[in-house]
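Here is a quick tour of a model, from its overall make-up down to single residues. Have the coordinates open while you read.

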Amino acid sequence: MNENLFASFITPSVMGLPIVVTIIMFPSILFPSSERLINNRLHSFQHWLIKLIIKQMMLIHTPKGRTWTLMIVSLIMFIGSTNLLGLLPHTFTPTTQLSMNLSMAIPLWAGAVLLGFRHKLKSSLAHFLPQGTPISLIPMLIIIETISLFIQPMALAVRLTANITAGHLLMHLIGGATLVLMNISPPTATITFIILLLLTVLEFAVALIQAYVFTLLVSLYLHDNT
């Protein structure tokens, strides 16, 4: 059981070629565009979900920040659908890879910060030195604020990676323990199986919550710089 503990996190390949790009593109199939005059229930639910996301995420933004609406909506739907698909058996979850999460976090964070330096230079620089700071603490505070600024994309990526990976590992361990206990102690195996079911439900919630938290933090970074 321990030998294959991290097997689900290995990037899948076919004939030596990685297929992670195909896996990343797969969630887009779940959100097709409709050309009908009257939408079905799936498209109606999709439109309701998009409107809800826009209302929750973009209400606090200025008109300049609302130009990122399509990016924010696409981000939360991509992360959420990818996390949910990763809970299916024998599937690969791209969001368990720190490299992929960094590739999402760094460009979005950098775009928001550069937008702030371009349009709100004085306000952006003021974050490095709070008003009323003693002169002796100015160099230290500037260093601390600079470090905290550059840590933001790393925190975004690590938070998403750690939460999704921890859930998958815990499900793998409890599932393996359930299989072992079936021949040793069926009552105990039944209890662990119930725990596994409850954990699976929890992981569905975590998958959606982590997508919401990641996108919300990006939205807040954008709000601070527009």
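Does Leu 196 count as buried, partly exposed or exposed, or rather: which of these is it, and why?

## A leucine in α7

Leu 196 counts as buried because its relative accessibility is 16%; the cut-offs are under 20% relative accessible area for buried, over 50% for exposed and partly exposed in between, with a 1.4 Å probe and protein chains only. Leu 196 sits in helix α7. Leu 170 is 26 residues away from Leu 196 in sequence, and their C-alpha atoms are 9.0 Å apart in space.

## What kind of model this is

This is a predicted model, where local features need pLDDT of at least 70, side-chain atom pairs count only at pLDDT 80 or more, and totals for chains, interfaces and linings use all residues. Residues are numbered from 1 along each chain as its sequence is written, and side-chain values use heavy atoms, with hydrogens and water left out.

The chain's mean pLDDT (the predictor's confidence in each residue, from 0 to 100) is 81, with 83% of residues at 70 or more.

## Overall make-up

There are seven helices and two strands in the chain; these are DSSP runs numbered from the N terminus, with helices being H or I of at least four residues and strands E of at least two. Along the sequence the order reads β-β-α-α-α-α-α-α-α. Of the 226 residues, 35% count as buried.

## Annotated spans

An unreviewed UniProt entry lists "transmembrane region" at residues 6–31, 67–86, 98–117, 137–158, 164–182 and 194–222; such annotations may be inferred rather than shown by experiment. Residues 164–182 are 100% helix and 0% strand, with end C-alpha atoms 27 Å apart. Residues 194–222 are also 100% helix and 0% strand, and there the end C-alpha atoms lie 42 Å apart.

## Helix α4

Helix α4 (residues 98–119) has 22 residues, so at 1.5 Å a residue it should span 32 Å, which agrees with the 31 Å between its end C-alpha atoms. The expected span is 1.5 Å times one less than the number of residues. Among the buried residues of α4 are Met 104, Ala 105, Leu 108, Trp 109, Ala 112 and Val 113. An α-helix has 3.6 residues a turn, so residues three or four places apart point the same way.

## A nonpolar patch

Phe 45 belongs to helix α2 (residues 41–58), and it counts as partly exposed because its relative accessibility is 49%. Together with Trp 48 and Leu 52, Phe 45 forms a nonpolar surface patch with about 330 Å² of accessible area.

Key. Patch = residues over 30% accessible without salt bridge, like charges linked within 9 Å, V, L, I, M, F, W, Y side chains within 5 Å. Areas by Shrake-Rupley, 256 points an atom, 1.4 Å probe, with all protein chains shown as cover. Salt bridge = Lys/Arg side-chain N within 4 Å of Asp/Glu carboxyl O.
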